[in-house]
Amino acid sequence: MIKTVRIGIIGSGGIAHAHVNQYKKLPDVEIVGVADVVPGKAKQFIESQSLENAQPFEDHRKMLEMDLDGVSICTPNVSHHLTTVDALRAGKQVLLEKPMSVTLDEAVDMVQASRESGSMLTIGFQPRYDPNMKLVQDIVQSGKLGKVYYVETGGGRRRGMPGGTFIRKDLAGAGAMADIGCYSLDMALNAMGYPRPLTVSAYTSNHFGTNPLYHNEADRFEVEDFGVALVRFENDLVLQFKISWAMHMDSLGSTIFLGTDGGLKVEPHGTGNWSGVWDGKVGSMTLFHDFMGQQTSTPVPVIEHSKELFFEKVRDFVDAVRDGLPAPIPGEQILIQQAIIDGVLRSADLKREVSIELPY
Ligand SMILES: NC(=O)c1ccc[n+]([C@@H]2O[C@H](COP(=O)([O-])OP(=O)(O)OC[C@H]3O[C@@H](n4cnc5c(N)ncnc54)[C@H](O)[C@@H]3O)[C@@H](O)[C@H]2O)c1
């Protein structure tokens with residue numbers, strides 16, 4: 001059994017700090033390497049985080065030659081594929097930031113590398129550690145709703161557009177649909193047991209991002225800031241999925257599950273400029289059903305908790321690495337939502353419905 005878990009970080013931007021801040025709380029973890037393609041950035045990161053035992057690298061492959069147990073991959077979306085495959089093939093366990101990738105082919109390649117190498121690939125969806133997300137899943141899977149035939153999910157920020165690497169096609173690959181859409185999809189699909197998608201018809205736009213009135217990098221804004229999609233699944237289920245980084249509206253509504261015996265409404269937490277998405281908190285929940293012949297709605301109390309979701313995700317990864325446990329949020333599962341995101345981008349581009357072909 002591993003005593004000290006030796007961790008490397010690939011990509012030393014914003015979210016890498018969040019990873020390292022959590023690793024530092026774990027006494028049996030040592031950060032031994034940081035890699036970033038920008039010359040000097042890894043060294044700067046090491047100094048700012050006072051990581052005395054860490055070596056800086058510009059090429060992640062050099063860092064992967066070290067004796068490492070696991071790596072956190074914190075690069076922009078487009079670089080998730082190469083760095084993850086290299087890390088898995090080098091026999092390292094991987095905690096990969098969301099979204100898993102940009103295309104389905106990339107996700108398939110990663111899962112293949114994980115299978116071939118026997119190294120774990122887990123995707124970092126911290127909202128999964130919110131007990132309310134588990135409650136949503138438990139309600140849906142309890143059978144109380146009967147057969148669920150329609151799910152509507154998504155999230156809407158009124159003015160919550162990121163900049164930098166997030167808006168560049170060559171680095172992010174996709175915009176709001178992948179960046180925050182992946183959280184909505186994970187909540188809905190995880191509750192439904194990750195059903196298999198068949199087709200998707202989508203529309204995307206970027207009226208806000210490309211307008212200098214709303215974005216100070218409008219001339220560099222290359223991805224979608226809004227999108228909507230209808231996804232068909234096996235077993236006669238459809239899902240409507242809508243996302244905005246910016247809009248003239250307070251909310252894009254609740255997540256709803258419609259079943260033959262009941263319905264569940266889940267409200268997002270807050271409607272501020274950067275709120276209204278499923279990236280960490282649930283607002284309220286209501287169950288709709290008939291009782292003694294009467295149409296009834298029952299509030300489901302939101303679970304109060306003091307869990308730090310980001311810490312839980314990092315700790316779960318470390319536990320899995322140390323104890324040889326399965327991936328907490330397996331790449332195989334998230335590949336299914338990546339297939340949907342891939343379908344959304346293809347459909348929006350072609351302006352028609354497209355099929356989703358899953359490899360497994
Ligand atoms: N889970 C969350 O709450 C959360 C929050 C923010 C971002 N993210 C995700 O984290 C990822 C990174 O986001 P960020 O905000 O830190 O971006 P960022 O642009 O601040 O940092 C990315 C860093 O990766 C480096 N990089 C790029 N390609 C590389 C490569 N091949 N090898 C090594 N380094 C490389 C860049 O130089 C940069 O320093 C994104 O995929 C994003 O979706 C997750």
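From which domains does the shell around the ligand draw at least three residues each? The answer is domain 1 (5-126 + 309-326) and domain 2 (128-305 + 340-355). This is a predicted model. Its protein chain is divided into these two domains.

**Around the ligand**

- The ligand has 26 residues around it, and G11, G13, G14, I15 and E97 come nearest.
- Helix α1 (residues 14-23) supplies the largest share of this shell, with 3 residues.
- Sorted by class, the shell holds 13 polar, 8 nonpolar and 5 charged residues.

- Domain 1 is made of residues 5-126 + 309-326, and domain 2 of residues 128-305 + 340-355.
- The centres of domain 1 and domain 2, taken over C-alpha atoms, are 27 Å apart.
- Domain 1 puts 13 residues into the contact, while domain 2 puts in 17 residues.
- On the side of domain 1 that touches domain 2, helix α10 (residues 309-323) gives the most, with 3 residues.
- That side of domain 1 has 7 nonpolar, 3 polar and 3 charged residues.

- UniProt, in an unreviewed entry, lists residues 135-264 as "domain: GFO/IDH/MocA-like oxidoreductase".
- In the model, the end C-alpha atoms of residues 135-264 lie 11 Å apart.

Definitions and conventions. Residues numbered from 1 in each chain as written. Predicted model: local features only at pLDDT ≥ 70, side-chain atom pairs only at ≥ 80, totals over all residues. Near = placed C-beta within 6 Å. Helix = DSSP H or I, 4+ residues; strand = E, 2+ residues; numbered from the N terminus. Nonpolar A, V, L, I, M, F, W, Y, C, P; charged D, E, K, R; others polar. Domains from an automatic or database assignment. Contact = placed C-beta atoms within 7 Å. UniProt positions renumbered as here; feature names shortened; annotations may be inferred.
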